[in-house]
Amino acid sequence: MEIYNNDGRTSGRRASTCSYCGNKEHNATNCPRVAEDYVYFTKSPPVVPIGVSTTTNTRSWYAQPRYWGDWYNKCKDAHAKQVTAKKKASASRTGTTRSAPKCGFCGSLEHNRRNCQAMDKYVLDAIEANRNWRRAFYQKFVTEMGISEGALLNLKEKSGYWNSDTPDKEFIGVVTSVNWGELSLFCSTADDASRYCYRDSQYKQNLVVTVQIGNETKSVSFGDAGFRQVIGNTKKNLVKYSGNRWNAPLFVSVLSPSTTPIGEEWINEGHAKAMAFLTKKRSKAKLDDEDVTALINHWL
């Protein structure tokens, strides 16, 4: 999933900038422009601080009258952050009594994350759910369809515009890689494949199958082809996300299955580190609200 894949990598992470003025040298809590603008905004009558600042410029579009209301609200929020930060700093210097610590995962006052049994169970459930997803995916993708490194795929691309009468262009691609190490239940959805998935993008994972087509390498889009299953009485949408570009070639069929399928150990490993990463800085309530818990339960 994206939130795990990008952790600690500079490529997938934006450089930090001040949310108020846009400067890359500080954040809103330390922005020198906030206090100055706040003084002008809270005058009676209020003054829009254009051309009066002695500090760094703020967003250029705030010079337009239609954005003045938004500018005021941003300034008010940033000022509140600065006031709160000063109070915290003052409290730490004067030795103000801290509130009782509590578990960041379940909220209990009796323990912390390091010995939270609820969190340990959540991680074990997530690993088991991911094993179940990988087992179902392996059965469909590798065993039944024969897709792994070395497989020959029949692919197609639209010729002309989407509503053009021009026949689709078909061609052959050789699978050179699959992002096995990243694949998890976050490729799937709990809803019907045709429905839009509102789950936050950080909890989504693309299936990336790279193929060699002549001198080009491209990622294949599978759409919904072959990835909707009924397991027991439940419809399981195995893969919702595939391909990494809007114009990725579309999968049609397997012409020659792979003779080097990935081993069963891939299933049993369960992407355990990624599943444990889910609870690293997130509470159970947050994971519930963002539909992560529901997806895990869907695969248990």
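**Close-up views of a predicted model**

View 1. The model is predicted: local features need pLDDT of at least 70, side-chain atom pairs count only at pLDDT 80 or more, and totals for chains, interfaces and linings use all residues. Residues are numbered from 1 along each chain as its sequence is written, and side-chain values use heavy atoms, leaving out hydrogens and water. Trp133 and Phe137 lie four residues apart in helix H4 (residues 117-144), and are therefore separated by about one helical turn. Helices (H or I, at least four residues) and strands (E, at least two) are DSSP runs, numbered from the N terminus. One aromatic cluster is formed by Trp133, Phe137, Phe141, Trp180, Phe222, Phe251 and Trp266.

**View 2. The aromatic pair of Phe41 and Tyr72.** The whole structure holds ten aromatic pairs (ring centres of Phe, Tyr and Trp, the latter by its six-membered ring, within 6.5 Å; planes under 30 degrees apart are stacked, over 60 edge-to-face, the rest tilted). Phe41 and Tyr72 have ring centres 5.5 Å apart and planes at 70°, so this pair is edge-to-face. Phe41 in helix H2 (residues 32-41) and Tyr72 in helix H3 (residues 68-94) are 31 residues apart, and the pair links distant parts of the chain. Phe41 counts as buried because its relative accessibility is 8%, whereas Tyr72, at 33%, counts as partly exposed.

**View 3. The surroundings of His271.** His271 occupies the loop between helix H5 (265-269) and helix H6 (272-277). With 7% relative accessibility, His271 counts as buried. Beyond its neighbours within four places in sequence, His271 is in contact (heavy atoms within 4.5 Å) with residues including Tyr4, Asn130 and Arg134.

Note on methods
Buried < 20%, exposed > 50% of the residue type's maximum accessible area, 1.4 Å probe, protein only.
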